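Here are my notes on the model you sent. Please read them alongside the coordinates.

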Amino acid sequence: MFLTSMAGNPLCVGLAATAVGVEITWMNWAVAAIVPGLISLFLVPVLMLKLSPPEIRDIPDARDLAINELEKMGPMSLQEKVLAFVFVMCLALWATGSWTKLGATPVAMLAVAIMLIAKVLDWKDILSEKGAWQAQRAILIKKSNRTLINF
């Protein structure tokens with residue numbers, strides 16, 4: 001639903017800009033995706049309920065159980081608060097990208113930098129994301145091939 005939710009989406013935006021000269025902002029993408037997103041939001045749970053009904057349909061005292069578990073967890077740690085801030089900051093910066101002129105990549109890099117500085121993440125976490133590095137390598141190869149073809 002969001003432009004930044006999948007690595008291929010910014011590639012599509014770049015292709016639209018270079019191939020046909022159409023600029024698609026994060027907000028344009030969100031507005032275009034709102035109808036299918038809302039339909040999916042309502043239909044997917046109903047469909048999954050029919051296709052794979054849950055074994056447990058009722059949990060007595062679920063509210064009390066949730067309250068007790070939250071009390072056991074205690075208050076949010078500083079790292080959790082930083083992560084919540086980074087999440088809201090990214091959404092706000094992506095949504096206002098057409099005004100701030102900040103693209104998805106600089107916002108994501110800022111988010112990673114903040115999380116590294118606040119020790120929400122460390123380098124081992126980043127390096128262990130093999131799938132992300134493979135996706136980045138594939139995107140860079142596609143971009144470099146497209147650049148070579150355009151010469």
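The points below cover a helix pair, a loop residue and the cysteines.

1. Basis. This is a predicted model, in which local features need pLDDT of at least 70, side-chain atom pairs count only at pLDDT 80 or more, and totals for chains, interfaces and linings use all residues. Residues are numbered from 1 along each chain as its sequence is written, and side-chain values use heavy atoms, leaving out hydrogens and water.

2. Helix packing. Helix H4 (residues 78-95) packs on helix H6 (residues 104-117) at about 170 degrees, with the axes 10 Å apart. H4 is therefore roughly antiparallel to H6 (an angle over 145 degrees). Axes are lines fitted to C-alpha atoms over the stretch in contact, and angles run from 0 to 180 degrees between N-to-C directions. Helices are DSSP runs of H or I, at least four residues, numbered from the N terminus.

3. The H4–H6 contact. On the H4 side, Val82, Phe85, Met89 and Trp94 are among the residues in contact; H6 contributes residues including Val107, Leu110 and Ile114. Contact means heavy atoms within 4.5 Å. By class, the contact has 15 nonpolar, no polar and no charged residues (Ala, Val, Leu, Ile, Met, Phe, Trp, Tyr, Cys and Pro count as nonpolar; Asp, Glu, Lys and Arg as charged; the others, Gly among them, as polar).

4. Thr25. Thr25 lies in the loop between helix H1 (8-20) and helix H2 (26-51). Its relative accessible area is 13%, so Thr25 is buried (under 20%; exposed is over 50%, partly exposed in between, with a 1.4 Å probe and protein chains only). The Thr25 side chain makes a polar contact with the side chain of Asn28, at 2.7 Å. Such a contact is a pair of N or O atoms within 3.5 Å; within protein, one must be able to donate a hydrogen and the other to accept it, and residues adjacent in sequence count only if both atoms are side-chain atoms.

5. Cysteines. The structure holds zero disulfides (cysteine sulfur pairs within 2.5 Å). Cys90, one of the H4 residues that meet H6, is buried at 6%. Cys12 is partly exposed, at 44%.

Methods
Helix = DSSP H or I, 4+ residues; strand = E, 2+ residues; numbered from the N terminus. Parallel < 35°, antiparallel > 145°, perpendicular 65-115°, else oblique.
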